Amino acid sequence: MIQEEYRGARQWSRNRQAVATVVWISFLSAAIATMLFFAAFDPVELAAMFDIDIGRQGGYAVGFFFFWLLSGLSSGLTAWLIRTAPKRDPQER
Amino acid sequence: MSRDKDTAPTQTASLYESAAKIYPREQAGRFDKLSKLATIVLLGLFYVVPWLNWDERQAVLFDLPARKFYLVGLTLWPQDFPYLALLLIIAALSLFFFTALAGRLWCGFACPQTVWTEAFIWMEQWTEGTRSQRMKLDKAPWSWNKLRRKGSKQFLWITFSLWTGFTFVGYFTSIRQLGLDILDLNVGGWTLFWGVFYGFATYGNAGFMREQVCKYMCPYARFQSAMFDKDTLIISYDEQRGEPRGSRQRSVDHREAGLGDCIDCTLCVQVCPTGIDIRDGLQYDCIACAACIDACDSVMDRMGYPRGLVRYTTEQSMAGKKTRILRPRVFVYATLLLVLIGGLVTSMVTRTPVILDVIRDRNSLYRELPDGMIENIYTLKLINQSNEPRSFRLSVAGVPGLILDGVGDTVDVPGGEILSLPVRTRANRDQAHGIMDITFTVEATDDASITVIEDSRFVGLMP
């Protein structure tokens, strides 16, 4: 009885799994990228080059979401291409 | 195996399938004590540390708006980023090291996911009661009692989450000021956003996602098996001793009745926060929280059997061999760790607390003065990384007779500040031809060992 109660409990569908993984892993990558990038560049100075007036906090946030979008796009496309690839011939390795 | 004996009642199964939610049972025991202690200490640190002060400022503050990190007595600048990177690598290696030695200690006791989930489950227990009470409550139709219990749980969860978000932001901007700003209802947009963002993530992860984060989203949970070998500490069910499992009366000599030590009470399954059956063998869903050990030990005590049917052990010792603690893998991780930690400490200790940047004026190569001298213009950025004010002596060399103008004998830089200093250098036109390498030297007046030399160029007359 206990077995039935838990077996298969809260198993994610493949879609849900793919979306959650892509969002989460690209979030982590974006966090690392943001850290590396802004250790080298000051958002205020960067923005000044383009004549934009944006505070540091705003700059960090924009940078973070840009990286998240970029890595999310990359992870998402990768996941999508792998999942929609034509079926392999089981004979071939 | 006598497992089929126990799968008889199906009337409840359908209900659980639709609920598909794990209700971890509460279980006292030594490892539960340890896990409670870990939760209180780790969460306590998280919530208390930003309130601690050091030298009239927040002791730990990653001041992003000012681009400075304060770690107790230490001030780190963007230029010190390699230290942070090294620190992260050391953290990752320590994780590998401890995983090789003791398995998923991190997952079971220290991971924020585990720790916050534990705190959320406490709140769930205070408001909704024990495991069976919670299951009954979820199945029951809505009533005043259910609304009250669920409502107070949500109230606790949301308040706790918001406080968590507030504390998180308090690591990046002065928490006391932030508290005052909140009381004034005058919080900056981004600050508010990140606070709510982190609070919401805590609420979702610790309140709802829980074990699914470990199962589906955590990279470490997947690759930790690469650090495992036969001598790694794991939590395991002693199949030889336990099987064949089955219920029995205490008075019966179970050996004579052909039964193993497992009475198939399923307590180990009920307490499991990830909903697995440890008796099925090592599974990557197992976060090694040791709740099943506590559960099984309590049953063994009641039955009068020796403890340890489910226990911390290694594959080697399960197979009746000796466990080796010191093995090549452990040595490799330990050596790497020691080298990196040694490197970090040495470079931190020998760090010169001053940075000099020399920026040549981009607008003109050189200027000829009426008295026949050639002049170049620079901007010096002098960063005093120490917390005390310091005065420095500046000098320049590389061209015979080169002189530095525009600064006094010494310049004073307050602690933790950047001084931007426009300077002129001059050389006689006979000495200045083409592009010449020069060096700027800055030396602290109070300590000659604090000296930084920075290269630059002097442009003289072009042929």
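Two strands are taken to pair if DSSP finds at least two bridges between them. The model discussed here is predicted.

Q: Which residue of β13(B) stands opposite S391(B)?
A: Strand β11 of chain B spans residues 390-397 and pairs with β13(B) in the antiparallel sense. Four bridges join β11(B) and β13(B). The residue of β13(B) that stands opposite S391(B) is D412(B).

Q: Why is one side of β13 and of β16 of chain B left without a neighbour in the sheet?
A: The open sheet of four strands in chain B has the order β13-β11-β15-β16, with antiparallel pairing. β13 (410-413) and β16 (451-459) each have a single partner strand, so one side of each is left without a neighbour, and both stand at the edges.

Q: By what angle are neighbouring strands of the sheet β13-β11-β15-β16 (chain B) turned against each other on average?
A: The pairing in this sheet is antiparallel.

Q: Which element gives the most to the largest nonpolar core?
A: This core has 38 residues, and A291(B) and C292(B) are among those that touch the most other members. Elements of chain B that give two or more residues include α5 (112-128), β6 (234-237) and α14 (291-303). With five residues, the element that gives the most is α14(B).

Methods
Residues numbered from 1 in each chain as written. Chains lettered and ligands numbered in written order. Predicted model: local features only at pLDDT ≥ 70, side-chain atom pairs only at ≥ 80, totals over all residues. Core = buried A, V, L, I, M, F, W, Y, C linked by C-beta atoms within 7 Å. Buried ≥ 20, exposed ≤ 12 C-beta atoms within 10 Å, placed from the backbone.
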